[in-house]
Amino acid sequence: MTNIIDRIGTAPIAAAGLVGGYAVARGTGIRPLGGAVLAAAGAAAAQGWYAKGGAGTAAALGAVYLGGFGASHPLAKKVGAWPAVLGVAAAAAGASYVLVDRH
């Protein structure tokens, strides 16, 4: 039996973590709760990155994921919050797909 990471891939999990984390933080007004969503999805994606791509790939994709989270804040001042979050989520998902999921 396969696990969910094998069935759906890491790209949707990474995107869901960034988008879901923001949505939960914004919707509830509790930023740490959004951070928990971000962290849980990031940990799940990282497990898949490591299992499928090894430590180097997992580290690189973790940097993309966390870097996207960090970059979304200044980017939001230029393009708006949702476009920034969706943009960095697309970048993280794209990197996950190219480096891990398509193989």
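In this short talk I will go through a few residues and the largest pocket of the structure shown above.

This is a predicted model, and local features are taken only at a pLDDT of at least 70, side-chain atom pairs only at pLDDT 80 or more, while totals for chains, interfaces and linings use all residues. Residues are numbered from 1 along each chain as its sequence is written, and side-chain values use heavy atoms, with hydrogens and water left out.

Let me start with the pocket. The largest pocket holds about 360 Å³ of space, and of the 18 residues lining this pocket, those closest to its centre are Tyr22, Ala25, Arg31, Phe69 and His73. A pocket here is found on a 1 Å grid over the protein atoms alone, as an open set of points where a 1.4 Å probe fits, with protein on both sides within 12 Å along at least five of seven lines, and a lining residue has an atom within 4 Å of a point. The points are joined across faces, edges and corners, and the volume is the space filled by probe spheres set on them. Helix 2 (10-28), helix 3 and helix 4 each give at least two residues to the lining, and the largest share, eight residues, comes from helix 3. By helix I mean a DSSP run of H or I with at least four residues, numbered from the N terminus.

Ala25, which is one of the residues closest to the pocket centre, sits in helix 2. Ala25 counts as buried because its relative accessible area is 16%, where buried means under 20%, exposed over 50%, and partly exposed in between, with a 1.4 Å probe and protein chains only. Leaving aside neighbours within four places in sequence, Ala25 is in contact, meaning heavy atoms within 4.5 Å, with Ile30, Arg31 and Gly34.

The side chain of Ser72 reaches the backbone oxygen of Phe69 at 2.7 Å, and, not counting residues up to four places away in sequence, Ser72 touches Ala84 and Val88.

Which helix holds Asp101? Asp101 is found in helix 4, residues 81-101. Asp101 is buried yet has no salt bridge, the nearest side chain of opposite charge being Lys52, 4.1 Å away. For a salt bridge, a side-chain nitrogen of Lys or Arg has to be within 4 Å of a carboxyl oxygen of Asp or Glu, and in assigning charge Lys and Arg count as positive, Asp and Glu as negative, with His and the chain ends not counted. The side chain of Asp101 does make a polar contact with the side chain of Thr10, at 2.9 Å. A polar contact is a pair of N or O atoms within 3.5 Å, where, within protein, one must be able to donate a hydrogen and the other to accept it, and residues adjacent in sequence count only if both atoms are side-chain atoms.
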